[in-house]
Amino acid sequence: MIFSNWILDLFVKVLKYNRGRYAKSLTIKTVFKISGSILFLLLAMSLWGKDESPDAMSPVEKIIAQVHPKLNEIQKELESIPVKLEALPRLEPNNRSFSNGYHSALFFDSDHPLEIDIDLGKIQSIDAVVLIPAFIQTPLFKGEGYGFPQSFCVEVLDGPQSEARLLAEPSESEIQSWGAYPYLIKCKQSIKGRIIRIRTLKHWNTLEHWTTAFSEIMVLQGRKNIANGALVSSKEPRQLSLPGWHLSHFTDGQSPLGPPVSPITSPSNGILCNTNAKSPIKWITIDLGQAYKIEEIVLFPSRPTDFADNPGHGFPLSFQVQGSMESSFQDPHTFFKSQKGTDYPSPGDNPVTIAGTNTEFRFLRLIADKFFTSASRNVLSLSEFQIYSEGQNVALGKKVFSSDSFENESYPRWRPAAVVDGFNSQNKLIELPAWFNQLETRRLLEKRMEELFIQRAEGLAYTITVLAVLLVVAISVSLAFMFFLSVRSGLKRKTVILKLREQISQDLHDEIGSQLGGIALLTEGALMRTDLCDELRQDLVIINEVSTSTTESMRDIIWLTKTEESNINDLFTHLSSISRRMLSKTECHIEIKPKNIPTIPISLEMRRHLLLAYKEMVHNIRKHAEAKKVDIELSYESGSRQLSIKVSDDGVGFDMDSINRGYGLNNLEQRAKTLGGSLNISST
């Protein structure tokens with residue numbers, strides 16, 4: 001913008017300087033149009049906005065991209081990434097449950113020693129370790145990546161006293177912009193161990209302190225999180241004593257990322273038991289059709305889309321999960337029973353995972369005796385009931401029975417079969433390994449997108465800079481050409497004017513001068529006759545004087561308008577000749593100081609004022625002073641650059657106070673002021 005304004009200002013100045021002369025030249029007009037078009041293009045490039053899409057290019061940028069082939073490749077890749085992202089799970093961190101995770105104490109040193117051990121109970125094979133950052137939304141913190149250490153390492157041990165083996169040690173620059181994405185450590189080969197140890201090397205900075213916080217750690221073995229409910233310990237006993245933060249929350253399966261889902265939208269909310277039923281106990285039973293070895297049960301809370309958005313809607317406050325070979329559950333096996341007298345904390349929309357026993361059962365049920373309350377009604381609902389056997393969800397599509405159910409045509413998304421359809425209330429459910437892999441792919445794509453944005457911006461900046469330089473060169477050449485034509489036109493015009501001036505001077509000298517000279521000769525010849533009457537003789541004398549005076553004035557005008565540059569020497573010489581001519585009958589002494597005056601040019605305007613002022617002074621002496629002697633001093637001081645003319649006579653003089661000042665004296669004063677000088681008159 002600044003450059004464009006500068007160019008525009010330059011054009012205006014050039015136009016003012018040449019005062020419209022370009023309009024008389026077709027070539028110059030063409031150059032001006034080309035330069036104007038270039039200027040308009042430059043302004044358009046700097047001002048034309050982009051489309052609303054961040055990965056889109058403005059029309060001008062698309063034109064520029066044709067100049068830089070690499071930009072086309074970058075743009076094609078940029079446009080392909082959003083399409084790929086649409087098929088991947090979205091990252092939407094939020095405060096979903098009461099559990100925030102683990103939070104260390106506040107330290108005064110960035111490298112305060114901190115080790116956290118997750119004990120898996122026995123040596124097991126490990127496919128991947130996932131660290132999920134905490135999420136805290138407060139005025140001081142933006143939420144994503146809260147407390148995630150700036151530098152850490154993850155190790156695996158076979159036991160508390162065994163040697164640690166390094167799994168990962170990311171660099172500080174790698175972690176710097178991690179945000180809310182889970183940190184996924186894939187084990188390239190089968191690794192076995194019992195304890196996962198996290199050592200913080202540099203804590204996260206919070207105001208004037210340092211701390212470390214995590215939401216959740218998951219250790220994957222196939223599709224299963226074997227760290228769920230694992231014992232967590234630390235050699236640093238201090239931790240943040242606030243609700244929602246505790247070592248045990250590091251492995252409770254609760255995270256701000258929510259359930260593992262794909263972008264596919266769910267067609268159902270799940271099952272909802274009849275809110276009007278007064279029964280003190282409600283249950284949901286899954287008939288697997290045959291006996292399976294139960295290794296894991298996963299309950300997904302509902303988060304209906306046609307109700308108020310309320311994560312954990314309908315999840316029971318007191319419940320147990322049982323298995324049986326008979327539908328009557330006469331001798332059930334209890335997989336889980338919530339603590340008596342204490343409400344089960346709401347998981348939000350996070351899944352609740354319950355470990356199995358690898359014992360065979362056909363029927364599994366959830367029994368609730370204390371309920372989520374909505375509008376003073378007891379509510380029991382689940383979005384999905386998963387039962388795993390040998391790594392497969394054997395509950396998918398199986399028969400569902402319940403103590404009662406809510407069925408309403410206005411809310412068709414609630415139905416018993418929806419609790420085993422593979423969807424929660426929002427999206428299609430996927431397994432943990434696929435979910436973390438797709439989130440990692442999304443993170444890498446977004447990172448790549450940021451890199452491409454930078455590359456595109458740099459490429460555009462470089463190309464625009466090159467084009468701008470070329471435009472500047474083109475405009476400069478155009479301006480130089482215009483200036484050359486202007487100077488050439490000015491010189492040509494000046495030459496024509498000088499020739500015309502010389503021709504006029506020559507014509508004045510030859511035509512008018514010869515005629516005036518002829519008049520003077522005729523009158524002088526006529527005055528020599530003796531038979532002239534007094535009246536005629538007087539007229540002839542006047543004619544002779546006028547012709548002679550006019551001839552002298554014409555010579556002065558010709559001298560003023562001559563083509564060559566005049567200087568002070570030339571001026572003083574001409575003034576001396578005027579003195580001798582006009583004061584021919586008076587003793588006149590002329591002195592020029594110094595004798596060798598430097599050749600200093602003098603403008604036509606100054607020559608004219610000095611010549612006319614000098615002639616006025618000499619004329620007054622000849623006409624009024626009755627002087628017998630005149631002293632004239634013409635001087636120039638190089639140091640002060642002052643020119644002075646001093647004329648003295650021994651004539652009658654005049655009284656400065658009583659004299660009637662005519663045009664002559666007033667003109668002298670005005671000419672002195674015009675030249676930036678002064679006039680001094682001394683007379684008695």
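Predicted model: local features only at pLDDT ≥ 70, side-chain atom pairs only at ≥ 80, totals over all residues.
Residues count from 1 along each chain as its sequence is written, and side-chain values use heavy atoms, leaving out hydrogens and water. Local features need pLDDT of at least 70 and side-chain atom pairs 80 or more, while totals for chains, interfaces and linings use all residues.

**View 1. A three-stranded open sheet with mixed pairing.** The strands run in the order E27-E28-E29; strands (E, at least two residues) and helices (H or I, at least four) are DSSP runs, numbered from the N terminus. Pairing takes at least two DSSP bridges between two strands. Out at the edges sit E27 (587–593) and E29 (642–649), each pairing on one side only. From one strand to the next, the twist averages 10°. E28 (residues 629–637) pairs with E29 in the antiparallel sense over eight bridges, and Glu633 has Lys646 in E29 as its bridge partner.

**View 2. Helices H8 and H9 against the sheet.** H8 (residues 568–582) lies across E27, E28 and E29, at about 175° to E28. H9 (residues 604–625) lies across E28 and E29, at about 10° to E29. Contact here means heavy atoms within 4.5 Å; angles run from 0 to 180 degrees between N-to-C directions, with axes fitted to C-alpha atoms, for helices over the stretch in contact.

**View 3. A nonpolar surface patch.** Tyr462, Val466 and Leu470 together show about 310 Å² of accessible area (Shrake-Rupley, 1.4 Å probe). Leu470 lies in helix H6 (residues 432–527).

Key:
Patch = residues over 30% accessible without salt bridge, like charges linked within 9 Å, V, L, I, M, F, W, Y side chains within 5 Å. Salt bridge = Lys/Arg side-chain N within 4 Å of Asp/Glu carboxyl O.
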